[in-house]
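Please have a look at the chain before I go on.

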Amino acid sequence: MPEKEPILVALNPSPILDLMERTLRAAGFDVAIAHDHSGLERCVQETIPVLLIIGENFADQDGLTVSSNLLLRFPTLPIILYADRDSIELVKAVLKRGLSGYLYPPLKMQDIVDEVQKNLTRARQLGDWVRREVKRTTSSLSEKAAISEAERGKLEAIIANIQDGVIVIDDNQKILLVNRSVCDVFSLNEKEIAGKFLADIIPNADLKNMLHLSSKGPLKNHEINFEDGRVFNAHYTPIPKIGAAVTIQDISYLKQLDRLKNDFIYTVSHDLRSPLTSILGYGELIERVGPLNQNQQDFLRRLQGSTQHITNLVNDLLDLGSLEAGFDTLRETVQLENVLKNSLDMFDAQIKKKNINLSSHIETPLKPIFANPIRIRQMVDNLVGNALKYTPDYGDVHTILFMQDSQIILKVQDSGPGIPPQEQSHVFDKFYRATNAPDGVRGSGLGLAIVKSVVESHQGRVWVEANAEKGSLFIVILPTMD
């Protein structure tokens, strides 16, 4: 025999209470009666009713308020309010408080049974739905957990076997994870280094500098040099809510190839200088031997022009090789404003020939820099010469020189074709020329490479800001003397 479902009736003693008790018992329910608030609390805890019928006024308390408090503790309990009268305001209050139903006189026994059955059916449907959703959610979570565990295994396998070094650190720069490559390169034990500071495990000035700069955001192509000659290219990528990932790639062999290439170019350029000088010298002597006709003079001019161009290229290569090899050791006090003025004076004829509107602004006083005056002049000449070269006739060129803190800043702005955004990171590479360079404008592609080498050899920085509408702006920052 199935167990009877308990229904709790909380009404003041009255004929309607007797009617509801008889009706519900006749319908097969187990009925519990509560006459006061303490009895109501006890019955709710002990009998665990499937439904509650409460009076609008119960034991000198507001039935709606009592119901609201019960629903806070038992949100799935169906509650039917019994009122002495029917009113729109009471119906609104019942709905607002979240009660399930509403009874009022005149009442028939069947009305009571129907209302109770309707609310119980709705409660069961709601319970079934909740159980289905819990089961579905639990199943989904189990599947996701299984998938997540499998994916985690795949990820760990990938990280462990990737050739590049991977280091994951938390917000305090403590090691969370390292892969096998890192352990092999630096002879580390993965279990012993977990939770320790990265800078303590791999003591290196370049690495510490990268971690210091990481507060400004992601870092790419940061070189880390070690005393044994190895060179690594490092990337720092923040990971929200975790910390950051540091990936390192051994580029020692690339650096070695670059050195071999530079040595080859330097050797070939040095060997070419003597024969080129001889060609230029003999070219000048040809005209002294005897008169030349017009065609011979044209051929000779072309020969001299081409030879001079190759000579300039060779000289640039030798200068660049000397800078990269660290042979630039001469240092003395240099006033950069004097260098800029002398450079602009040298280009005066070209400025007038192209009718260029030149403006130069120098904020004085300027502190001197400790530098090689020859290289600094070469750097300024290359920047100003490039600006004049790529600026069309009647265009504008602006130079600005000023102090900021303990640094001196040089800006050279032209009104040329600018540099495409995707090419701006390559303009300081050797032999690189922008794809939108005007036809007829000659260049070796070494001028800006020399500029970068000169600036970096003086512990400075240089970069370009360019677009098709405003031309190119080159900015150089150099430290001043204390």
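Let me begin with one term: a residue is called buried when its relative accessible area is under 20%, exposed when it is over 50%, and partly exposed in between. What you are looking at is a predicted model, and with that in mind we can turn to Tyr102, which counts as buried because its relative accessibility is 15%. Tyr104, on the other hand, has a relative accessibility of 33% and therefore counts as partly exposed.

Now to the rings themselves. A pair of aromatic rings is described by the distance of the centres and the angle of the planes. How many aromatic pairs does the count come to? The count is 3, and one of them joins Tyr102 and Tyr104, whose ring centres are 5.4 Å apart with the planes at 40°, so that this pair is tilted. Another is formed by Phe226 and Phe232, where the centres lie 5.6 Å apart and the planes stand at 85°, so the arrangement is edge-to-face.

Finally, the surface: Leu126, Trp129, Val130 and Val134 together make a nonpolar patch of about 370 Å². Of these residues, let me pick out Val130, which is placed in helix 5, spanning residues 109–161, and which counts as partly exposed because its relative accessibility is 38%.

How values were computed: Residues are numbered from 1 along each chain as its sequence is written. This is a predicted model: local features need pLDDT of at least 70, side-chain atom pairs count only at pLDDT 80 or more; totals for chains, interfaces and linings use all residues. Side-chain values use heavy atoms; hydrogens and water are left out. Patches are made of residues with over 30% relative accessible area and no salt bridge: like charges are joined within 9 Å, nonpolar side chains (Val, Leu, Ile, Met, Phe, Trp, Tyr) within 5 Å. Accessible areas come from the Shrake-Rupley method with a 1.4 Å probe; for residues, only the protein chains shown count as cover. A salt bridge is a side-chain nitrogen of Lys or Arg within 4 Å of a carboxyl oxygen of Asp or Glu. Helices (H or I, at least four residues) and strands (E, at least two) are DSSP runs, numbered from the N terminus. Buried means under 20% relative accessible area, exposed over 50%, partly exposed in between (1.4 Å probe, protein chains only). Rings of Phe, Tyr and Trp (its six-membered ring) pair if their centres lie within 6.5 Å; planes under 30 degrees apart count as stacked, over 60 as edge-to-face and the rest as tilted.
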